[in-house]
Structures are given as C-alpha cells and as structure tokens.
Amino acid sequence: MLRHEFQPGRLVAGACFTLAGVIYAGDAGGLWETPWFVIIPVVVAGLCLAGATGAVTRSIRRRRGPGRGAPTAVEGADRPV
C-alpha cells in the first residue's frame, strides 16, 4: 500500500532543480565554467514542464473518476467509511 499518491509533476520539478544543483556544484568544484545566466532557463523550463506534467496528470485522473483513495460505502450505512 502506498503512503501517498504519485505526483509526476513534482518528480519533474525535483529533477530539474537537481540538475541546476549539479551544474552549480560542477562550477564550484572547478570541473567546468558555468555563466551565471545558465541556471535561469534550466529552472524556468523545469517549472513550466512540471506544470504541464501536473496539468496532464490531473486531467487524466479527473477523467478516470475516483480511484483507489476514494472512500467506499458499507452496506446499510448512510455515509462512506
């Protein structure tokens, strides 16, 4: 049983911020030179891609209807459990 619902938009955002961190770490470690403005498109594109992924995920889940996390009704009860 999963503890929480999988959210692909947050996964994409986390991956882009991790990429930005790796870029800065490589620059700080002296492995390569990174201009200061390189991170801006990486972060902005990552946030836009994460937003689009989240919107697509939400529309897919909304179209499918209530999923595993929806309460189920018990026979003879007036309210869901």
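Leaving aside neighbours within four places in sequence, Ala50 is in contact (heavy atoms within 4.5 Å) with Gly9, Val12 and Ala13. The model is predicted: local features need pLDDT of at least 70, side-chain atom pairs count only at pLDDT 80 or more, and totals for chains, interfaces and linings use all residues. Residues are numbered from 1 along each chain as its sequence is written, and side-chain values use heavy atoms, with hydrogens and water left out.

Ala50 belongs to helix H2. Because its relative accessibility is 10%, Ala50 counts as buried; buried means under 20% relative accessible area, exposed over 50%, and partly exposed in between, with a 1.4 Å probe and protein chains only. Gln7 sits in the segment before H1 and counts as partly exposed, because its relative accessibility is 36%.

Two C-alpha to C-alpha distances link residues that are separated in sequence.

| Pair | Apart in sequence | C-alpha to C-alpha distance |
|---|---|---|
| Ala50 and Cys16 | 34 residues | 8.9 Å |
| Gln7 and Gly54 | 47 residues | 7.4 Å |

The protein chain has 2 helices and 0 strands. These are DSSP runs numbered from the N terminus, helices being H or I of at least four residues and strands E of at least two.

Two packed helices are described by the angle between their axes and the distance between the axes. Here, the axes of H1 (residues 8–28) and H2 (residues 39–64) come within 7 Å and cross at roughly 170°. H1 is therefore roughly antiparallel to H2, a term for angles over 145 degrees. The axes are lines fitted to C-alpha atoms, for helices over the stretch in contact, and angles run from 0 to 180 degrees between N-to-C directions. The crossing of H1 and H2 is right-handed, meaning that the near helix is turned clockwise from the far one by less than a right angle.

On the H1 side, the contact includes Pro8, Phe17, Ile23 and Tyr24; on the H2 side, the residues include Ile39, Val43, Thr57 and Arg61. By class, 15 nonpolar, 5 polar and 1 charged residues make the contact of H1 with H2. Ala, Val, Leu, Ile, Met, Phe, Trp, Tyr, Cys and Pro count as nonpolar, Asp, Glu, Lys and Arg as charged, and the others, Gly among them, as polar.

For the protein chain as a whole, 16% of the 81 residues are buried. Among contacts between residues at least 6 apart in sequence, 46% join residues at least 24 apart. The protein chain exposes about 6900 Å², with carbon and sulfur atoms supplying 64% of it; accessible areas come from the Shrake-Rupley method with a 1.4 Å probe.

Technical notes:
Angles under 35 degrees count as roughly parallel, over 145 as roughly antiparallel, 65 to 115 as roughly perpendicular and the rest as oblique.
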